[in-house]
Amino acid sequence: MFQQVKIAPSILSADFMNLQSDIAMIERGGAGYVHVDVMDGHFVPNITIGVPHVKQLKKITDLPLDVHLMIDNPLEQLPWFIDAGADMLTVHAERLEGQWLDRAIDLIHAGGALACVSCKPNTPIEAIAPVISRLDMVLVMSVEPGFSGQGYIEGSEDKVAQVVELARDCNPDLLVEVDGGIGVKTVERVCAAGADVIVCGNAVFAAEDPEAAIGEIAALGNAARLAALERGHA
Ligand code: DX5
Ligand code: ZN
């Protein structure tokens, strides 16, 4: 069945001094989620924002907060992010394996949020296979995490297709999100491969008209998805 692609603008590229008006702008543009990149300077080189910011964001928007944790100690911090109002929480498969990954998913679900696991570009999708039936979403990184504004890594759409294939029987409602270097030039290939949620940093916030950019990227993604569906893919 055809489902509309949703855009999750990453506020890492927003104007932090005017975040409230930037959030209002993406709401008007039809964003589906607010993507919040949490970086600790250890798991990735960059440092961004954390729990207090999520708490404040929750007060100013009704859009679901899609919180992407690129941190070394996710198990310790997950309960704080849940209390702060995160609606979706992504942990990285490179940081948590086996029973620890299960524990993270349990914590997220017990807190009433949606559970997502991400893979860096060089991590095979197989790292997610043991837990894929328990997840609400898988996040495929199409750049090396750490910075916005990087170029899309060619072939990342193959990983999207692999996730779709892996989930086909055991979790057909699983959402697939793609993050990094997505904009008008790259959205079609990831949506044709089956992506449901598109993270956009620079492609939205550095656009001349960010509101229109959200609509344009979503329209291209929807058309590509529909065409793939008609061909019998995705
Ligand atoms: C990278 C972050 C991304 C990033 C996306 O580590 O996870 O969410 O902000 O930015 P663009 O779309 O500019 O690549
Ligand atoms: Zn992200």
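Which strands does helix α2 (residues 51–60) lie across? Helix α2 lies across β2 and β3 (65–70), running at about 170° to β3; axes are lines fitted to C-alpha atoms, for helices over the stretch in contact, and angles run from 0 to 180 degrees between N-to-C directions. This is a predicted model, in which local features need pLDDT of at least 70 and side-chain atom pairs count only at pLDDT 80 or more, while totals for chains, interfaces and linings use all residues. Residues are numbered from 1 along each chain as its sequence is written, and side-chain values use heavy atoms, leaving out hydrogens and water.

**The sheet**

- Eight strands make up an open, parallel sheet, in the order β1-β8-β7-β6-β5-β4-β3-β2. Helices (H or I, at least four residues) and strands (E, at least two) are DSSP runs, numbered from the N terminus.
- At the edges you will find β1 (6–9) and β2 (34–39), each pairing on one side only; two strands pair if DSSP finds at least two bridges between them.
- On average, neighbouring strands are turned by 25° against each other, direction ignored.
- Five bridges join β4 (residues 88–92) to β5 (residues 114–119) in the parallel sense, and histidine 92 stands opposite serine 118 in β5.

**Helix α5**

- The twelve residues of α5 (residues 156–167) should span 16 Å at 1.5 Å a residue, and the 17 Å between its end C-alpha atoms agrees with that. The expected span is 1.5 Å times one less than the number of residues.
- Buried residues of α5 include Ser156, Glu157, Val160 and Val164. Buried means under 20% relative accessible area, exposed over 50%, and partly exposed in between (1.4 Å probe, protein chains only).
- Among the elements covering them are β5, β6 (137–141), β7 (175–179) and α6 (187–192), where contact means heavy atoms within 4.5 Å.

**The nonpolar core**

- The largest nonpolar core has 68 residues, of which Ile11, Val67, Leu89 and Ile198 touch the most other members. Such a core is a set of buried Ala, Val, Leu, Ile, Met, Phe, Trp, Tyr and Cys residues joined through side-chain atoms within 4.5 Å.
- Helix α4 (residues 98–110) gives the most to this core, with five residues.

**Tryptophan 80**

- Tryptophan 80 sits in helix α3 (residues 74–84) and counts as partly exposed, at 44% relative accessibility.

Notes. Chains are lettered from A and ligands numbered from 1 in the order in which they are written.
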